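Here is a friendly briefing to read alongside the model. Keep the viewer open and follow each topic as it comes up.

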Amino acid sequence: MLRLTHNQGARWITGAFRTSPMGAMTAVAGLMPLHLQLKKLFERSVIRINTLHPHHPVLSLLERRKAKGSILHPNALERKSKTIRNVIKSPLDSVIDNPSSEIFDPLSEHIKPGHRLVDRHPDKVKFVLMPKNRKDRDEYHNTLNLAPVREPNALHLFTAGVKHKFDPNVPISHRTHSHIALVTILNGRAVTSKTRAAGRRVNEETIVGWSTFLALIKAHKKLQKGWHISKVVLYTTSQLIIKNLMSTNSKPLGSQLSIAVSLAFDAIATDFPEVDIEVRGFNKSWATAPGTYTEDSGMLQPLAQRAYYEAEKARTFTERSLQFPQSASYHYTRQKTTRDAISLWQLGFQGVRMPNEPPPHMLSSDSIGTRQGLIVRSLGLNMPPPHILLSGSIGTRSGLGNYQCGPPPHMPSSDGIGTRSGPSVRSQMQDSPYHIKTCFKGNSWYDINDKEGNEILPSHLQGGPWFQTYQGVKAADNSPLFARLMRVMCNHAPIGEYRVRFFPDEPYKACQCDLKSPETRQHLLMVCSLFVRRINHYDLDGITTIRGLILFLQDNPQAFSFEPPELPRQADESWPAYRRELELARDEENKRRKKKRLPPLVGPIFLHESI
């Protein structure tokens, strides 16, 4: 069961873990904050309403101009006054502001079973898949390059698409547009070359779909003129998108682009049954790579380069073409809701502090609570740890909780109504120079970086950074290792720092190492002599990368576990065998580095070996 508590360190939003006070752990990878998840789902439902067919029950509850001619319900928004609508605050009011105006026809004859392209001509369109193996892919592209020469009676349709970022702050006349390009090739030479705009706010599906539609219309016209063509070959970067557009089975039904592409394929298959249709995939990097052939050679690659160059160059419209529809496509708008939610999530995870002064848990003059203070202080067994000292109540619930963060986006009221703290504490938080805007990670989160030095942010893709493999170690494959990783990140671990915070009446014990220091997270990670540390993942700031942290936990199986070590790691009986495994792994890595002509890894692996 998930427990979302305000004062227990890192708040449950990291794409990671929370633990209960007894140490039980619940895991969810890539879990967004609940209010952002609901916001995303609601906005998607608003966009989805645009795809409903006339007389759908939901449409009957909207305003007349949004109901698509549906008979209005007696309680429809159209029949409610503005005062009543302000009182009921119906979610359907947001449908009016739906940014997508893509046309859908869910009841079209062309998407009914028996009338679809896959029903009428199930085997007409053949897909030639691109190999996944790199060597086979190079050979495949070489074959593609020679195709216009080897197949002179085939009409080769090379499609390209370039996606430009849409920026609403740029004046309309200078906004960039995504463009598609088409080169038609017959008998080894280019017959026609076209470049068209695909739209300002579109995704990959729209770009591939429109370029395919343009190519098929061009092929049908050539066939109508009586050209001797035995096969129509379409080249595309995404065969999967074309398959989905042809099938019309993917939701939502009735997309005009899907119907248009299906009808274009159907027209060729019906009017010219003797002509074969083939769809071949290609890699964009191959098409845009510099080559040695010219366009007169009859090879495909130079013509592919021309298509991409023309699409890249045609970034804006002319003055006569400024009436291009500004509305976004359905899929673009749907994807944008996810991107917006992730942006808010990551912004709140980073937080915004005042840069001039240290945060509230680093206020004391003797560095108590700071990373340096925890290292230098060597307190005796009878001395209370810094988390329960009176100067600033550092580390206590009262010291950390009230300054933790500002109200989340779903609690925007300035008077504190609906919060536990009430208006007085809320006003103190907002007036504090250490106020963190929309903070989700709290004050106990362990700031960690990637190998480039960038702060690691949560992500919903592939489990976020936590499920990746680092130097042959994937924490997610090892439940105890992953649990300890999350204990470190949240500072919610079976160590003295945690026990003082949640069990202040119990007798306090210092760390069992020679320093007899407070058993804090920083002490265990940085200076505790019971653990080993890799020399290439440790500097004056300690362990600062997620790779170094995972390797530290891998090297020290008892770190942040419920069975703390009694002897240093290098004195454990399992250490010699583990050390030999690392040497063998380094030898294998050096073999791979030698093939890549990289310098070998030499010297000691662990920090204590270099001292």
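Which residue takes a positive phi in the hairpin of β5 and β6? That residue is Asn-187, with a phi near 60°, in a hairpin that has two residues between the strands. Please keep in mind that this is a predicted model. Its protein chain contains 19 helices and 10 strands, and buried residues make up 46% of the 611 residues. Of the contacts with a separation of 6 or more, 66% are between residues 24 or more positions apart.

- Strand β5 covers residues 178-186, and nine of its nine residues are buried, so the strand is largely enclosed by the rest of the structure.
- Both faces of β5 are covered: one side carries Ser-178, Ile-180, Leu-182, Thr-184 and Leu-186, the other carries His-179, Ala-181, Val-183 and Ile-185, and all of these are buried.
- On one pairing, strand β4 (residues 154-162) runs antiparallel to β5 over seven bridges, with His-156 opposite Ile-185.
- In another pairing, β5 and strand β6 (residues 189-199) are antiparallel over nine bridges, and here Ile-185 stands opposite Ala-190.

**Strand β3 and its neighbour β8**

- β3 pairs with strand β8 (residues 276-281) in the parallel sense, over four bridges.

**Helices α5 and α7**

- Two packed helices are described by the angle between their axes and the distance between the axes.
- For helix α5 (residues 204-224) and helix α7 (residues 256-271), the axes come within 9 Å and cross at roughly 25°.
- Angles under 35 degrees count as roughly parallel, so α5 is roughly parallel to α7.
- The crossing of α5 past α7 is left-handed.
- On the α5 side, the residues that meet α7 include Gly-209, Trp-210, Phe-213, Leu-216 and Leu-223.
- On the α7 side, the residues that meet α5 include Leu-257, Val-261, Phe-265 and Ile-268.

- Helix α6 (residues 239-247) has Gln-239, Ile-241, Ile-242, Leu-245, Met-246 and Ser-247 as its buried residues.
- These buried residues pack against α3 (117-120), β3, α5, β7 (231-236), α7 and β8.
- Just after α6, Thr-248 takes a positive phi of about 55°.
- Ser-255 lies in the loop between α6 and α7.
- Its relative accessible area is 14%, so Ser-255 is buried, the cut-off being under 20%.
- Beyond residues up to four places away in sequence, Ser-255 touches Glu-102, Ile-103 and Phe-104.

**Nonpolar cores**

- The largest nonpolar core has 37 residues, and the members that touch the most others are Leu-485, Met-489, Leu-549 and Phe-560.
- Two or more residues of this core come from each of α14 (479-490), α15 (496-502), α16 (521-526) and α17 (546-555).
- Of these elements, α14 gives the most to this core, with seven residues.
- Apart from this core lies another, of 28 residues, among them Leu-157, Leu-182, Leu-216 and Ile-268.
- Two members of that other core, Leu-216 and Ile-268, are also among the residues where α5 and α7 meet.
- Leu-182 of the other core is one of the buried residues of β5.

**Ala-304 in helix α9**

- Ala-304 is found in helix α9 (residues 300-313).
- Is Ala-304 buried or exposed? Its relative accessibility is 0%, so Ala-304 counts as buried.
- The C-alpha atoms of Ala-304 and Ala-160 are separated by 7.8 Å, although these residues are 144 residues apart along the chain.
- Leaving aside neighbours within four places in sequence, Ala-304 is in contact with Phe-158 and Ala-287.

Definitions and conventions
Residues numbered from 1 in each chain as written. Predicted model: local features only at pLDDT ≥ 70, side-chain atom pairs only at ≥ 80, totals over all residues. Heavy atoms only, no water. Core = buried A, V, L, I, M, F, W, Y, C linked by side-chain atoms within 4.5 Å. Buried < 20%, exposed > 50% of the residue type's maximum accessible area, 1.4 Å probe, protein only. Pairing = 2+ DSSP bridges. Axes fitted to C-alpha atoms, helices over the stretch in contact; angles between N-to-C directions. Parallel < 35°, antiparallel > 145°, perpendicular 65-115°, else oblique. Left-handed = near helix turned anticlockwise from the far one by under 90°. Contact = heavy atoms within 4.5 Å.
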